[in-house]
Amino acid sequence: MNNQRRNVLKTGTGAAVLGALAAAGMIAPGIALADWNKAAFEAKSMADTLKALGATQPADSKDVQVTGPDIAENGAVVPVGVTSAIAGTTMVAILIDKNPNALAASFKLPEGTEANVQTRVKMGQTSNVYALVKAGDKFYMATKEIKVTLGGCGG
Amino acid sequence: MATKPMRIRASTKDGVTEVKALIAHEMETGQRKDANGAVIPAWFITELTASHNGKVVLASEFGTAISKNPYLAFKFKGGAAGDKVAITWKDNKGETRTDEAAIG
Amino acid sequence: MVNPQKYIVLALAATLGSLPLGASASDKLLDGINEYREALADGNPSELVAAEGEELWKTPRGPKNASLEKCDLGLGAGVVKGASAQLPRFFKDTGKVQDLETRLMTCMETLQGLDPKAVVEAKWLKGEKEKMAALVAYVVTESNGQKIKVDTRHPEMKKMYELGKLAFYYRTGPMDFSCATCHGDQGKRIRMQELPDLRTQEGAAAGWGSWPAYRVSNGQFWTMQHRLNDCYRQQRTAEPIYGSDVTIALSVYLAATANGGKVVTPGIKR
């Protein structure tokens, strides 16, 4: 799998496109092809995920918010987001406690990008959704329960 | 497998640019089974980067819990009408795609 | 996290203890669901399908190597804006009442030399039907915000309306269901899904006006032909042939009942 992926990247059109873009200064290859945090995405429990993200004992913070509805009609598509009012927020992540793998996504925010990212996630069942935020070398967290009337992992 | 174009919308107001993107992708979890009971292999975007005039404004990592045809909205300071916002994604099969849009 | 709104709701519930609990709890639930639907309305994934359709509309294809840009959807050759808000309609050139999909098949046949059979016989969301869905997504997006305006004055339209009404109330299949069994009452719902009363202008506008749509449950874009076919499948009866008279008749009945309502296509559905 990994070998195959590398081959495609080396020789396929994907690499050519990325290479061209990098050459044109459109993207910094180091960031575009940053290593996907396999350990964090494959961790199952919240605790293991936080550990893989290097976020031991994040502090609860009122300056962090999980945005999203109280109830989702369908777990396949649940609009959620993270906002942080903590100055110097450089990373936000969305974690779903009851999903098979807790981590849904993480976002690195370069200077100038607001700590306000919205996306849509799959939820297998009603669960607490966590926003994890990094500012400086500290982690902060907030949570919101989102009820799901129909789970989104069975298809 | 040909990739499909994204829909990127970017607009600027009071010095802040808001980007909204829809990305065509299956985002298969690897947890579903087909009609014959065989597991459908995971197929999902792992990394997505957005840039404004060549400068990275968002670097994301996705897991399988991001919905099919992902949606993303975020804001960054700066940006003027006509500037280019580009989004590049890469999936776990090594496919990548880049699309760009002008700030409206 | 402290949510002041929740405390207010709890306080209200405590002071207004005499209120029937069921009603307020279900209202709160519906508020939550409405919030969910609003959050999805911006960034409807149908846009991705519509973009493909627009590309396809402009791309030369078939034995005649022509695009669909000269296709007449009822408002003149090449006019897409607002066209689907006035469909189905009677077309002189074919001598038939056509819905969007059958009209597109006519254009594909006459302009591009493509055999409509390929569309009719394809599986849903595969091959030519997938292409049709993309074209439909493009065309109906161009009617978003318009008023449903179906002209039923032509005798053929009148005939189709009557046939559609008949089909709507026709009970069949092992459950002895008609369309009206589920869609012929006020305030009916299945689980959390409210079922529009398609006999009324309001209900028909809510239903007809928001299809074709993207379904979040399966991440698929469904055309009206697909939607109607699925009604028959859920009725556990024989599924109609793609583009057949009964499907167009039902569309005429629904659209005519919905007349004056707002088009919000493509919709986004649970």
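UniProt positions are given in the numbering used here, feature names are shortened, and annotations may be inferred rather than shown by experiment. With that in mind, the UniProt annotation "binding site", from an unreviewed entry, covers C:Arg227. This is a predicted model, in which local features need pLDDT of at least 70 and side-chain atom pairs count only at pLDDT 80 or more, while totals for chains, interfaces and linings use all residues. Residues are numbered from 1 along each chain as its sequence is written, and chains are lettered from A and ligands numbered from 1 in the order in which they are written.

**The annotated residue in chain C**

- C:Arg227 sits in helix α10 (residues 224–234) of chain C; helices (H or I, at least four residues) and strands (E, at least two) are DSSP runs, numbered from the N terminus.
- C:Arg227 is partly exposed, because 18 other C-beta atoms lie within 10 Å; a residue is buried with 20 or more such neighbours within 10 Å, exposed with 12 or fewer, and partly exposed in between, with C-beta atoms placed from the backbone.
- Leaving out residues up to four places away in sequence, C:Arg227 touches C:Trp211 and C:Trp222, a contact being two C-beta atoms, placed from the backbone, within 7 Å.

**Helix α4 of chain C**

- The 13 residues of helix α4 (residues 100–112) should span 18 Å at 1.5 Å a residue, and the end C-alpha atoms are 17 Å apart, which agrees; the expected span is 1.5 Å times one less than the number of residues.
- Buried residues of α4(C) include C:Leu100, C:Leu104, C:Met108 and C:Leu111.
- The buried residues of α4(C) pack against β1 (89–91), β2 (96–98), α5 (117–121), α6 (127–141), α10 and α11 (245–258) of chain C.

**Contact between chains A and C**

- Chain A gives 14 residues to the contact and chain C gives 12 residues.
- On the side of chain A that touches chain C, β3 (71–72) and β9 (138–148) of chain A are the elements that give two or more residues, and β9(A) gives the most, with 3 residues.
- By class, this side of chain A has 7 nonpolar, 3 polar and 4 charged residues; Ala, Val, Leu, Ile, Met, Phe, Trp, Tyr, Cys and Pro count as nonpolar, Asp, Glu, Lys and Arg as charged, and the others, Gly among them, as polar.

- An open sheet of 6 strands runs in the order β2(A)-β4(A)-β7(A)-β5(B)-β2(B)-β1(B), with antiparallel pairing; two strands pair if DSSP finds at least two bridges between them.
- Its edge strands, each pairing on one side only, are β2 (64–67) of chain A and β1 (7–13) of chain B.
- Strand β4 (residues 78–84) of chain A pairs with β7(A) in the antiparallel sense over 6 bridges, and A:Gly81 stands opposite A:Gln118 in β7(A).
- A:Val117 lies in strand β7 (residues 116–121) of chain A and counts as buried, because it has 26 C-beta neighbours inside 10 Å.
- Not counting residues up to four places away in sequence, A:Val117 touches A:Gly81, A:Val82, A:Val92, A:Phe107 and B:Phe74.

**Chain B**

- Chain B has 0 helices and 7 strands.
- Of its 104 residues, 54% count as buried.
- The C-alpha atoms of chain B fill a box of roughly 55 × 20 × 20 Å along the principal axes.
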